[in-house]
Amino acid sequence: MIDLRSDTVTLPSDEMRQAARDADVGDDVYGGDPTVNELEARAAELFGKEAGLFVPSGTMGNQIAARVHTAPGQEALVDAKAHVYKWEVGGFAQLSSLQVRAYDAGERGAPTPEQVREGAREESLHIAGTGLLCLENTHNARGGIAIPKTDIDAAAQAAHDLGIPVHLDGARVLNACVALDEDPVAMAEHADSVMFCLSKGLGAPVGSMLVGTEEFIEDATRVRKQFGGGMRQAGIIAAPGLVALENIDRLADDHANAKILAEGLDAVEGLSVPTPDTNIVVVDSEAAGMTSDEFVELCESVDVLGGGFGEYHTRLTTNLNVSREDVEEAVERIADAVESR
Ligand SMILES: *Cc1c(COP(=O)(O)O)cnc(C)c1O
């Protein structure tokens with residue numbers, strides 16, 4: 001089975017399992033887990049922020065950030081295809097009483113400064129005001145595009161000029177940094193908070209990180225407790241996270257494999273596959289007369305797994321458990337299956 005459903009499907013390495021077994025632990029709700037503390041310090045340092053917080057999932061990290069940055073009733077300015085808007089079960093509304101105002105970031109993935117100014121609403125007697133700009137990099141629903149620092153900075157600075165804080169949903173921001181050869185510190189420079197996932201391309205079994213100022217993380221720690229994310233001997237799962245941080249440079253392998261996969265499939269009659277920036281390959285099977293459901297089923301019939309990504313679009317995501325040989329094999333199997341339909 002070649003599993004390309006997501007980069008979350010990776011299994012922990014022997015080294016991660018060993019690290020979990022051997023981790024020094026304590027009660028993290030009391031701040032007493034040395035392994036969690038080390039992971040939080042390393043994450044903060046990686047992005048040049050004052051402090052970090054270990055959270056169970058990327059979703060919780062984003063939701064905590066939104067709660068800390070905003071007041072109830074305010075608007076959150078997000079892309080129409082943002083993960084926080086499409087795939088977090090209405091969390092902004094339910095957990096932080098936010099209204100979402102969506103812009104269309106198009107293929108750029110980030111709003112222009114003009115879009116930020118147009119979308120921002122100033123507080124008044126009648127208006128709750130904009131409490132947050134949330135950016136996403138890489139942009140998942142827009143095909144894993146790696147957004148350059150200049151575009152992130154321009155949007156963030158436009159928000160800051162209006163007194164609006166900026167959160168970066170950086171579930172895969174390290175993929176963006178590797179693809180663009182950008183320092184994570186520079187990428188995060190104008191974001192007030194950043195969330196990134198250990199459990200995606202980096203291969204950890206569980207966990208994400210939130211980083212920001214000391215004051216932000218202090219508030220975030222209280223909200224994490226309220227959301228039920230206070231964990232006790234969490235060093236057991238933080239230890240594989242520390243090992244996962246060694247996997248940053250090898251994200252380039254996933255990107256190279258994604259290019260091979262995309263080029264191979266694009267050569268198949270009826271499939272249209274743009275060259276990916278990172279590890280997310282989006283296959284358009286409309287010209288082959290197949291909906292995404294049909295294409296996913298066809299792939300499954302030859303033991304390749306992918307995920308629906310719109311009516312005619314399917315997402316295939318390269319990851320740590322998939323080799324170059326595997327993607328070449330996947331191309332062959334899918335090409336044969338499409339041609340012999
Ligand atoms: C996966 C993802 C998340 C959520 O992370 P989970 O750990 O699955 O909750 C948030 N934002 C983006 C862009 C993602 O791709």
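Colleague: Which elements each supply at least two residues of the shell around the ligand?

Modeller: Those are α3 (58-69) and β7. The largest share, three residues, comes from α3. Please keep in mind that this is a predicted model.

Colleague: How many residues surround the ligand, and which are the closest?

Modeller: The ligand is surrounded by 14 residues, the closest being Gly58, Thr59, Asp169, Arg172 and Lys200. By type, the shell divides into six polar, five charged and three nonpolar residues.

Colleague: What lies 2.8 Å from an oxygen atom of the ligand?

Modeller: That is a polar backbone atom of Gly58. At Thr59 the side chain takes part instead, with an N or O atom 2.6 Å from an oxygen atom of the ligand. A nitrogen atom of the ligand lies 3.5 Å from a polar side-chain atom of His83.

Colleague: How much of the ligand does the protein bury?

Modeller: The protein buries 84% of the 380 Å² that the ligand exposes when taken alone.

Colleague: Let us change topic. Which residues touch the most other members in the largest nonpolar core?

Modeller: They are Phe54, Leu133, Val173, Phe196 and Leu198, in a core of 47 residues. Several elements give two or more residues to this core, among them α2 (34-46), β5 (130-136), α8 (173-180) and α11 (235-244). The largest share, five residues, comes from α7.

Colleague: And what does Leu198 touch beyond four places away in sequence?

Modeller: Its contacts include Leu39, Phe54, Met209, Ala244 and Leu245. There is also a second, separate core of 26 residues, which includes Leu265, Val268, Leu298 and Val327.

Colleague: Now the backbone. Which peptide bond is cis?

Modeller: The bond from Asn137 to Thr138 is cis, with omega near -5°. Thr138 sits in the loop between β5 and α7. For context, most peptide bonds are trans, and most residues other than glycine have a negative phi.

Colleague: Where is Val89, and what is its phi?

Modeller: Val89 is in the loop between α4 (83-86) and α5 (91-96). Its phi is positive, about 55°, although Val89 is not a glycine.

Colleague: Is Val89 buried or exposed?

Modeller: Val89 has a relative accessible area of 74%, so it counts as exposed.

Colleague: What about Ser97?

Modeller: Ser97 also is not a glycine and has a positive phi, about 50°. This residue is in the loop between α5 and β4 (99-103). With a relative accessible area of 40%, Ser97 is partly exposed.

Methods:
Residues are numbered from 1 along each chain as its sequence is written. This is a predicted model: local features need pLDDT of at least 70, side-chain atom pairs count only at pLDDT 80 or more; totals for chains, interfaces and linings use all residues. Side-chain values use heavy atoms; hydrogens and water are left out. A nonpolar core is a set of buried Ala, Val, Leu, Ile, Met, Phe, Trp, Tyr and Cys residues joined through side-chain atoms within 4.5 Å. Buried means under 20% relative accessible area, exposed over 50%, partly exposed in between (1.4 Å probe, protein chains only). Helices (H or I, at least four residues) and strands (E, at least two) are DSSP runs, numbered from the N terminus. Contact means heavy atoms within 4.5 Å. A residue is near a molecule or strand if one of its heavy atoms lies within 4 Å of it. A polar contact is a pair of N or O atoms within 3.5 Å; within protein, one must be able to donate a hydrogen and the other to accept it, and residues adjacent in sequence count only if both atoms are side-chain atoms. Accessible areas come from the Shrake-Rupley method with a 1.4 Å probe; for residues, only the protein chains shown count as cover. Ala, Val, Leu, Ile, Met, Phe, Trp, Tyr, Cys and Pro count as nonpolar, Asp, Glu, Lys and Arg as charged, and the others, Gly among them, as polar.
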